[in-house]
Amino acid sequence: MRFEILRDPIWNNIRVDELTLDLVDTEVFQRLRYVRQLGWTYLVYPGATHSRFEHALGTHHLSRRTLALLCESSDSVSISEEEQAIVRSAALLHDVGHYPFSHALEEIGALHHEDVARPLITEGSVASLLSARLGQEAPEKVFELIRGRSRSALQGLISGSLDLDKIEYLKRDAFMCGVPYGEIDVDRLTNSLVVVDDPANGESALGVQEKALSALESLLFAKYQMYRNVYWHHAVRSATAMYKRLVEDAVRSGVVDVQLLARYTDEGLMHRLESEAPTPLLAALKERRLYKRAAEWPAAELDVERVEWIASDRKRVAAAENELADEFGLGAGELLLDYPVKTQMLGLDIPVLRRSGKVERLTGEGWIGTINLPSLSEELYRSARWLRVFTAKRTTLDPRRILDALERSA
């Protein structure tokens, strides 16, 4: 089998085989070179210009390394070369459905990127390669792993509490942003992964040895720190809110088709908008004249049930933005609401091989003698998530008046 070595700033040498090289050369995968991993974050952290392309290669690298460790461990299991190739392919292709500027457009109601990925993996050039090398069922097996619905014992490597995607993006994002929050003991985690019989259903599943729980906790804290300081940084969220409104307006006016958004690159979509529908909002985003915070509230201070719609109902949000803008003497699109879509900050559900040899499932309930993850998760989550009102110009608004209007809309 022919191998090539790719150099990478995070993992140094990434070893790729012939099938991987051929998959990388497809148009589907090459588009990821031009989709930034962190969307508009580079407007705040200038180094965050890395793409989904190198992240996918890094995830593939971790999958190869982890599969080798699983096969070499004292509790080794039999994993066929074909199954390993399917897992490695899923790790490589897990992000091919991402929209321009990554996750932002999922927040306006566009299909989730994993659903967008189905035809890209099960049809066309990628499907042809997988079928020819790994069998006719390979494309569907790869997609099921990516979607988190595979019955494979190795599903947890691609989608789960300790998936390799999470390890990779936290390490890479922290490094490229120049922040010290992504320090994860990757070697400890990957060397402690095991295939065990899940006590919940008796089926084989990916688990972790008890000795790695401290390293697992560090991963969870790294995720929280990155959300608080990078992913949900107020200026990043301002740029994201501007972008979402910009694309929503373009879809509503027929400038772009929401069904075709996943075909664009970052710059391709911006060029389309600039050539077909230039607006002051587009100019402000391109020139980094970000909207300013006019009011904000941490989730801990909110009646969550009465404002949760702001994170999920984009049609109502656009209407509320226009009404508030008019009430405060601003133009359409000059006032934006932002409330990040709820994410599972410290989600944990994984079988653990105890030192006694017994397998127990570690969930958000935790164990006696370990961190109380449920209460900690909620506290961290509520401290990182903020509801914000952004305006085109620095403006002082009455926070109580705004919040009353938003809660009345619930």
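1. A polar contact is a pair of N or O atoms within 3.5 Å; within protein, one atom must be able to donate a hydrogen and the other to accept it, and residues adjacent in sequence count only if both atoms are side-chain atoms. In this predicted model, the side chains of Ser-152 and Glu-83 make such a polar contact, at 3.3 Å. Ser-152 itself sits in the loop that runs between helix 7 (138-147) and helix 8 (155-158), where helices are DSSP runs of H or I with at least four residues, strands are runs of E with at least two, and both are numbered from the N terminus. Leaving aside residues up to four places away in sequence, Ser-152 touches Glu-83 and Leu-145, a contact being heavy atoms within 4.5 Å.

2. A word on how the model is read: because it is predicted, local features need pLDDT of at least 70 and side-chain atom pairs count only at pLDDT 80 or more, whereas totals for chains, interfaces and linings use all residues. Residues are numbered from 1 along each chain as its sequence is written, and side-chain values use heavy atoms, with hydrogens and water left out.

3. Which helix holds Ala-91? Ala-91 belongs to helix 4, which covers residues 81-93, and it counts as buried because its relative accessibility is 1% (buried means under 20% relative accessible area, exposed over 50%, and partly exposed in between, with a 1.4 Å probe and protein chains only). Beyond residues up to four places away in sequence, Ala-91 touches Ala-56, Thr-59, His-60, Ser-63 and Ile-158. The C-alpha atoms of Ala-91 and Leu-57 are separated by 8.2 Å, although these residues are 34 residues apart along the chain.

4. Thr-20, found in helix 1 (residues 18-24), also deserves a look: at 5% relative accessibility, Thr-20 counts as buried. Not counting residues up to four places away in sequence, Thr-20 touches His-60 and Leu-92, and His-60 is also among the residues that Ala-91 touches.

5. For the chain as a whole, there are 19 helices and nine strands. The radius of gyration is 22 Å, close to the 22 Å that the globule rule gives for 410 residues, so the chain is as compact as a globular protein of that length; the radius is taken over C-alpha atoms, and the rule is 2.2 Å times the number of residues to the power 0.38. Of the 410 residues, 55% count as buried, and among contacts with a separation of 6 or more, residues 24 or more positions apart account for 70%.
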